[in-house]
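Let's take a walk through this one together. Have the sequence and the structure open as you read.

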There are 2 protein chains.
Amino acid sequence: MTAEMLPHRDVTPILDRARELTDPALRHAVSGLAPQMRRVAGYHLGWLDANGEEQSSSHGKGIRYTLALLGTEAVGAPVTTGIPGGVAVELIHNFSLLHDDLMDGDKERHHRATAWTIFGSSAAILGGVALLTLAEEVLLDLGTEAGAAAAALLTKSTARLVTGQTDDLEFETRASVPLDECIRMAGNKTAALISASAAIGAVLAGAPAHTVTALSEFGEHLGLAFQLVDDLLGIWGTPELTGKPVLADLRAGKKTLPVSAALHAGGPAADELATLLAETNDEHDRFAREAELIEAAGGRQWTIAEAERQLTLAGQQLAGAGLADTPRARQATDELSAVADFVVRRQL
Amino acid sequence: MTAEMLPHRDVTPILDRARELTDPALRHAVSGLAPQMRRVAGYHLGWLDANGEEQSSSHGKGIRYTLALLGTEAVGAPVTTGIPGGVAVELIHNFSLLHDDLMDGDKERHHRATAWTIFGSSAAILGGVALLTLAEEVLLDLGTEAGAAAAALLTKSTARLVTGQTDDLEFETRASVPLDECIRMAGNKTAALISASAAIGAVLAGAPAHTVTALSEFGEHLGLAFQLVDDLLGIWGTPELTGKPVLADLRAGKKTLPVSAALHAGGPAADELATLLAETNDEHDRFAREAELIEAAGGRQWTIAEAERQLTLAGQQLAGAGLADTPRARQATDELSAVADFVVRRQL
């Protein structure tokens, strides 16, 4: 699968519109934090520089709030109904990034110093928790049954996210991890929040349960596809584009899906890979050779194929979701598809 | 004020009953966590040893869930209505302990090694967040309007707790902090959750707004009194009883209320104290001298008097709360008073 194989819809206008709709509400929510937390969050979100001065820098693509807003419109509700959902999922996403950067010891994200390197570990821990708590507040402050249901959905996805991050770190200490455990870990770490993002607008709009479930499943498959691609980029991605050092995931000993699939496939390349993974030296050549072996054992090809398969499954869920039949709802559904394609096809 | 001045009601049966009522529900909630998190939480809560083996060890007095259950009964509701509230506040309390121990670098709590020293920083961060998320789940899973209102109350108190902890750490880096800022910090760090504990049962029981507010204010004053006493014990407490090293708060450079009150009072002792606080050596004599100067400047006496004053204000809120007039409700109200007295009078 390459970007050339399929006509590629430019999703920039879709993402830009979602950002313009979400940004004021997100800034409003963050402005309610205590000054210290506002500064850590504002820096992390790219609104402030390290000295607390305003700056304009885009930060991330906003996939999660885009899904939240499009999901709202796809069930026939006005986009404003979904904005608190978009804000909440974006806050949870950024809570997890703040904590992950610290726990992984990552010093850069999007070519900027990570928050913990500037404000310290405690500020990153507290800032993350402040964003998590704020996400719940944004939904619960609606004071509606739908708001409470959305908070419940978000809380469950946050619990899965924490479980996934726990497994991710624990797997680093293991020589190999069964493929199904790695897939479950990816589902928790990444797909849970993307699933909640896709479904939260429908929950806020009071859509029927089967529609919420289908959007949730759409997001679950999309999230898995997203993580599969992320794992590919973590090994074979261009550092200039990913913002991560070359071979970063292999250096960290992450049991990502291509690694696990390669080991699972067996054969001489897998055996040599297993031997190399057990070593403790830090030489570039070792990690470069690991990448070759993962590919030789079929781990790269499996991951690409699995990402495609998950994207197809996501599309099937969307088609059967019973979404609304107004012009804007149909358009939003098409846009959900386009965003899903974009998320998975970036750099494949 | 000394323990001898007033007849002291033995609150052990009250605390024991609350523990017996809360413990099964708390264990049930924690059992739903992923295995790794369950182990960190189980260790932290004193249920498991460092190897994950079951052990029986009491952990903390359970003040917060006791307040939650008594608050429920004081408004005339059955105690079972309040149990999810008790579980939730206890989970939030333990989330904050897990994170605080890590951020403060404390290696022992209740004469046991703290969780981060055994499981590592990341496990403590993730374990804390898992408990925070679980607290929200326990309330939102009730699926009721009252459950959502209780979750909203708890979320607001958690946000204040995080703000208070942020200020607490930031104050350590400042030479002196105005007394009113220290009081606000203590209100956020400690009183917010005790206030939520006192009010959450009434919220779950659907009690009228003025009753919820009065119980909340009762808890706010009680929480401030609690922190004032805690600050006294952090300087003059017996390590065997507090489980903290002697003069621990002074060693950490904490701007606790006795310190701030002493500096605020002015005079020669306050001046000498300010000079000593600015030093960076780690000698025991320096911290012992600081404790003397805090006392000489009136910081100890002010703190004792302020704790008494806050306890009185708490009692006034309880008296005017419009609580229920059944025999059990009146008894529960008396028990709330007794627990409040106990919390403030321990070791004074």
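Which residues does Leu102(A) touch, not counting residues up to four places away in sequence? Trp116(A), Ser121(A), Ala124(A), Ile125(A) and Ile125(B). Bear in mind that this is a predicted model.

One of its contacts, Ser121(A), is 19 residues apart from Leu102(A) along the chain, yet the two C-alpha atoms are separated by 6.8 Å. The list of contacts also includes a residue of chain B, Ile125(B), alongside Ile125(A).

## How the two chains are arranged

Now for the pair as a whole. Rotate chain A by 180 degrees, with 0.0 Å of shift along the axis, and it superposes on chain B with an RMSD of 0.0 Å. The two copies are thus related as by a two-fold rotation axis. If you want a landmark for that axis, look at Ala148(A): its C-alpha is the one in chain A nearest the axis, at 2.9 Å.

Across all chains, the structure holds 44 salt bridges. Asp168(A) lies in helix 7 (residues 145–172) of chain A, while Lys254(A) is in the loop between helix 11 (248–251) and helix 12 (257–265) of chain A, so the pair ties together parts that are 86 residues apart in sequence.

Are these two partners buried or exposed? Asp168(A) is buried, at 3% relative accessibility, and Lys254(A) is buried too, with a relative accessible area of 10%.

## Two salt bridges in chain B

Over in chain B, Arg27(B) and Asp23(B) join their side chains in a salt bridge, 2.8 Å from N to O. Both belong to helix 1 (residues 12–31) of chain B, and because they are four residues apart there, about one helical turn separates them. Each is partly exposed: Arg27(B) has 34% relative accessibility, and Asp23(B) has a relative accessible area of 24%.

Another salt bridge brings together Glu272(B) and Arg289(B), at 3.0 Å from N to O. This pair links distant parts of the chain, with Glu272(B) in helix 13 (residues 268–277) of chain B and Arg289(B) in helix 14 (residues 284–296) of chain B, 17 residues apart. Glu272(B) is partly exposed, with a relative accessible area of 33%, and Arg289(B) is partly exposed, also at 33%.

## The two sides of helix 13

Stay with helix 13 of chain B for a moment. Its buried residues are Ala269(B), Ala270(B), Leu273(B) and Leu276(B). They cover an arc of only 120 degrees around the axis, which puts them on the same side of helix 13 of chain B.

What covers that buried side? Among the elements over the buried residues of helix 13 of chain B are helix 12 (257–265) and helix 14 of chain B. Turn to the face pointing away from the buried side and you'll find the exposed residues Pro268(B), Asp271(B) and Thr275(B).

## A buried threonine, and the cysteines

Where is Thr211(B)? In helix 9 of chain B, residues 209–236. Thr211(B) is buried, with a relative accessible area of 2%. Leaving out residues up to four places away in sequence, Thr211(B) touches Val75(B), Ala321(B), Gly322(B) and Leu323(B).

Last stop: cysteines. How many disulfides does a search of the whole structure find? Zero, over all chains. Cys182(A) is buried, at 1% relative accessibility, and Cys182(B) counts as buried at 1% as well.

Technical notes. Residues numbered from 1 in each chain as written. Chains lettered and ligands numbered in written order. Predicted model: local features only at pLDDT ≥ 70, side-chain atom pairs only at ≥ 80, totals over all residues. Heavy atoms only, no water. Buried < 20%, exposed > 50% of the residue type's maximum accessible area, 1.4 Å probe, protein only. Contact = heavy atoms within 4.5 Å. Salt bridge = Lys/Arg side-chain N within 4 Å of Asp/Glu carboxyl O. Least-squares fit on C-alpha atoms with pLDDT ≥ 70 in both. Arc of directions from axis to C-beta. Disulfide = S-S within 2.5 Å.
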